[in-house]
Amino acid sequence: MTDDSKVLEELLALYQEEKGRKLPLDRGLFYSFLDDARRLLNLDFFQPRYEREDVKRLLCRLEEKLFLILSDYDVEDPEDSVRYFLTSLPEARRLLLSSAKAILEGDPASDSLQEVVYCYPGYFAILTYRIANILYRMGLRFLARLASEDAHRSTGIDINPGATIGRSFFIDHGTGIVIGETTVIGDNVKLYQGVTLGALSLKDGHLLSGKKRHPTIEDDCTIYSNATILGGETVIGHHSTIGANTYLTHPVPAHSRVILTDGGVRILTKEKTADNS
């Protein structure tokens, strides 16, 4: 038989202490809160015959759950944090509605906003990102990551809650998309499946924390499937189109078209054609 005392001592020696580690989180309560937040932000689609009291009741439930979570999480001023979260919800709803409309208008296979809200994994990932981003801005990064990973597991879309994303953001299909923490995405941007907006190099590991290491995508850009765009200094200029399977690590001027050819990546602009072989 196994020597239980030896296993016990070896395990105890391997357990770690970490500065700032929080008390155990009630995961069931947190995911219940997350589901309520999603429902509140889409109540008119989930419950078309809603009443004012239904919204009020859901808001109160969210407030109570978040207060319990933050109290257990040892937040210094949970009431102030709850207030910040709740007052951020109207803007999150405005941004979500702009995405739902962008998907409806941009995808000929979509028939209604309700279909987008109920069925589109890209919308679900954006919805969860908007909630997670509020938590991230509150300094609750662990909770924000729990939320974003919940959507990642179910959709295959990985949006770090620290990313900055503008209005009318459109994810089409979406499986395999990765958007890094310091990514900045402008308005009216469309991404297809497999796109990576990542860091150019992570050899310095945690020393890069807090530094701009992911790309910036300006307004009105479309990035097609499996394109990879890396680096904090990589800016894709507005009104550009990035072709499928391309690989970019340097800026692209506005109004560009980037395509993959037998000779490598070509950047077509109004003024000139550049090679990135």
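User: What does Arg93 count as at 21% relative accessibility?

Analyst: Arg93 counts as partly exposed. Buried means under 20% relative accessible area and exposed means over 50%, with partly exposed in between (1.4 Å probe, protein chains only). The model is predicted, so local features need pLDDT of at least 70 and side-chain atom pairs count only at pLDDT 80 or more, while totals for chains, interfaces and linings use all residues. Residues are numbered from 1 along each chain as its sequence is written, and side-chain values use heavy atoms, leaving out hydrogens and water.

User: Which residue meets the side chain of Arg93 in a salt bridge?

Analyst: A salt bridge is a side-chain nitrogen of Lys or Arg within 4 Å of a carboxyl oxygen of Asp or Glu. For Arg93 the partner is Asp44, at 2.8 Å from N to O. Arg93 lies in helix 5 (residues 78-106) and Asp44 in helix 3 (residues 43-46), so the pair ties together parts that are 49 residues apart in sequence. Helices (H or I, at least four residues) and strands (E, at least two) are DSSP runs, numbered from the N terminus. Asp44 is partly exposed, at 27% relative accessibility.

User: How many salt bridges does a search of the whole structure find?

Analyst: The search finds 13. One of them joins Lys65 to Asp36, with the closest N and O atoms 2.6 Å apart. Lys65 is in helix 4 (residues 52-72) and Asp36 in helix 2 (residues 27-41), so this pair links parts 29 residues apart in sequence. Lys65 and Asp36 are both buried.

User: Where do Arg94 and Glu91 lie?

Analyst: Both are in helix 5, three residues apart, which is about one turn of the helix. Arg94 is exposed at 54% relative accessibility, whereas Glu91 is partly exposed at 38%.

User: Which residues are linked in a network of salt bridges?

Analyst: Asp35, Arg38, Asp150 and Arg153 are linked in such a network.

User: In what order do the five strands form the open sheet?

Analyst: Strands of a sheet pair through backbone hydrogen bonds, either parallel or antiparallel. Here the order is 1-4-7-10-13, with parallel pairing. Strand 1 (158-159) and strand 13 (247-248) stand at the edges, each with a single partner strand, so one side of each has no neighbour in the sheet. Two strands pair if DSSP finds at least two bridges between them. Strand 4 (residues 178-179) and strand 7 (residues 196-198) pair in the parallel sense over two bridges. Ile179 stands opposite Leu197 in strand 7.
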